[in-house]
Amino acid sequence: MKTHGSAIWSGGIKDGKGAISTRSGALQAYPYGFASRFEGKPGTNPEELIGAAHAGCFTMALSLILGEAGLTAEKMETTAEVTLDKVDDGFAITAVHLILKAKIPGADQAKFEELTGKAKAGCPVSKLLKANITLDATLLP
């Protein structure tokens, strides 16, 4: 499988403007720039898109792993907090912290921790990132 995303940029780093699009059309010329990336202004940025992709990938991987263990989630909600830090030669994504809240009938805490750990390590986005990836997983009653 291959898919793609694209970006257009005009101008310098601080005064320039860009737009990000996805093949599916989920994002179509959605604005991004220095202000939305570093100053909290409206628009998106690559780090939040990576966070959404990682949260989606992890949660989908966990669904597969749960199914293999004979379990089905009633609900899973994942947030991926992406940290962009200044490093010697510029900036780097240094960490991703996954926060999962899940209701999985029939799962006990030990099995839950085992399966979420497998999903964290095995999802393709986790494998792509060189950042420190941590996980807080809460099994809801």
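The following legends describe close-up views of a predicted model.

**View 1. The open sheet of 3 strands, in the order E4-E5-E6**. Pairing within this sheet is mixed. On average, neighbouring strands are turned by 15° against each other, direction ignored.

**View 2. The pairing of strands E5 and E6**. Strand E5 (residues 90–103) runs parallel to E6, and 8 bridges join the two. Ala102 has Leu139, in E6, as its bridge partner.

**View 3. Helices H2 and H3 against the sheet**. Helix H2 (residues 46–68) packs on the sheet and touches E4, E5 and E6. The direction of H2 makes about 140° with that of E4. Helix H3 (residues 109–122) also packs on the sheet, where it touches E5 and E6. Between the directions of H3 and E6 the angle is about 150°.

**View 4. The cysteines Cys57 and Cys123**. Across the whole structure, a search finds 0 disulfides. For Cys57, which is in no disulfide, the nearest cysteine sulfur is that of Cys123, 3.1 Å away. A disulfide requires the two sulfur atoms to lie within 2.5 Å; the 3.1 Å from the sulfur of Cys123 to that of Cys57 is therefore too far for a bond. Both residues are buried: Cys57 has a relative accessible area of 16%, and Cys123 has a relative accessibility of 0%.

Technical notes
Residues numbered from 1 in each chain as written. Predicted model: local features only at pLDDT ≥ 70, side-chain atom pairs only at ≥ 80, totals over all residues. Heavy atoms only, no water. Pairing = 2+ DSSP bridges. Helix = DSSP H or I, 4+ residues; strand = E, 2+ residues; numbered from the N terminus. Axes fitted to C-alpha atoms, helices over the stretch in contact; angles between N-to-C directions. Contact = heavy atoms within 4.5 Å. Buried < 20%, exposed > 50% of the residue type's maximum accessible area, 1.4 Å probe, protein only.
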